[in-house]
Amino acid sequence: MRTLVGLGYSGWTEKARWAMDHHRLAYQYSEHIPLLGELRLRRHAPPGGRGTVPLLVEDSGITMGSYAIAQR
């Protein structure tokens with residue numbers, strides 16, 4: 001199952017949600033908690049990179065950023 005990790009008040013998270021809803025993709029939403037959720041983001045970030053939200057976690061891999069999620 002797809003999981004979208006984001007911030008509820010973020011415009012970029014909203015953009016990713018709109019793209020996924022537009023294509024009628026099934027996903028679960030998980031709210032990112034700043035400071036407490038940093039380890040989760042770092043675990044999914046590419047080596048040497050920074051973890052950012054929105055973050056789409058799938059069985060096939062990880063996609064970061066609203067534009068990349070919309071393209072996927």
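How many helices and strands does the protein chain have? The protein chain has three helices and four strands. This is a predicted model, where local features need pLDDT of at least 70, side-chain atom pairs count only at pLDDT 80 or more, and totals for chains, interfaces and linings use all residues. Residues are numbered from 1 along each chain as its sequence is written, and side-chain values use heavy atoms, with hydrogens and water left out.

**Figure 1. Overall fold of the protein chain.** The order of elements from the N terminus is β-α-β-α-β-β-α. Helices (H or I, at least four residues) and strands (E, at least two) are DSSP runs, numbered from the N terminus. The protein chain has a radius of gyration of 11 Å, close to the 11 Å of the globule rule for 72 residues, so it is as compact as a globular protein of that length. This radius is taken over C-alpha atoms, and the rule is 2.2 Å times the number of residues to the power 0.38. Along the principal axes, the C-alpha atoms fill a box of roughly 30 × 25 × 20 Å. Of the 72 residues, 35% are buried. Buried means under 20% relative accessible area, exposed over 50%, and partly exposed in between (1.4 Å probe, protein chains only). Among contacts with a separation of 6 or more, 49% join residues 24 or more positions apart. A contact means heavy atoms within 4.5 Å.

**Figure 2. The open sheet.** Four strands line up as β2-β1-β3-β4, with mixed pairing. Strands β2 (27–31) and β4 (61–64) are the edges, and each pairs on one side only. Two strands pair if DSSP finds at least two bridges between them. From one strand to the next, the twist averages 20 degrees. Axes here are lines fitted to C-alpha atoms, for helices over the stretch in contact, and angles run from 0 to 180 degrees between N-to-C directions. Strands β3 and β4 run antiparallel and are joined by four bridges. Leu55 stands opposite Met64 in β4.

Figure 3. The whole structure holds two salt bridges. Each is a side-chain nitrogen of Lys or Arg within 4 Å of a carboxyl oxygen of Asp or Glu. Arg2 and Glu58 form one, at 3.0 Å, N to O. This pair links distant parts of the chain, 56 residues apart: Arg2 is in strand β1 (residues 2–6) and Glu58 in strand β3 (residues 55–58). Glu58 and Arg72 form a salt bridge at 2.8 Å, N to O. Arg72 lies in the segment after α3 (66–71) and Glu58 in β3, so this pair ties together parts 14 residues apart in sequence. Glu58 is buried at 14% relative accessible area. Arg2 is partly exposed at 27%, and Arg72 is exposed at 57%.

**Figure 4. The largest nonpolar core.** Six residues build this core: Leu4, Ala16, Met20, Tyr27, Leu56 and Ile69. A nonpolar core is a set of buried Ala, Val, Leu, Ile, Met, Phe, Trp, Tyr and Cys residues joined through side-chain atoms within 4.5 Å. Leaving aside neighbours within four places in sequence, the contacts of Leu4 include Ala16, Met20, Tyr27, Leu56 and Ile69.

**Figure 5. Arg17 and its surroundings.** Arg17 sits in helix α1 (residues 11–22). Arg17 is partly exposed, at 25% relative accessibility. Beyond its neighbours within four places in sequence, Arg17 contacts Leu4, Tyr27 and Tyr29. Arg17 and Tyr27 are ten residues apart in sequence and 9.4 Å apart in space, C-alpha to C-alpha.
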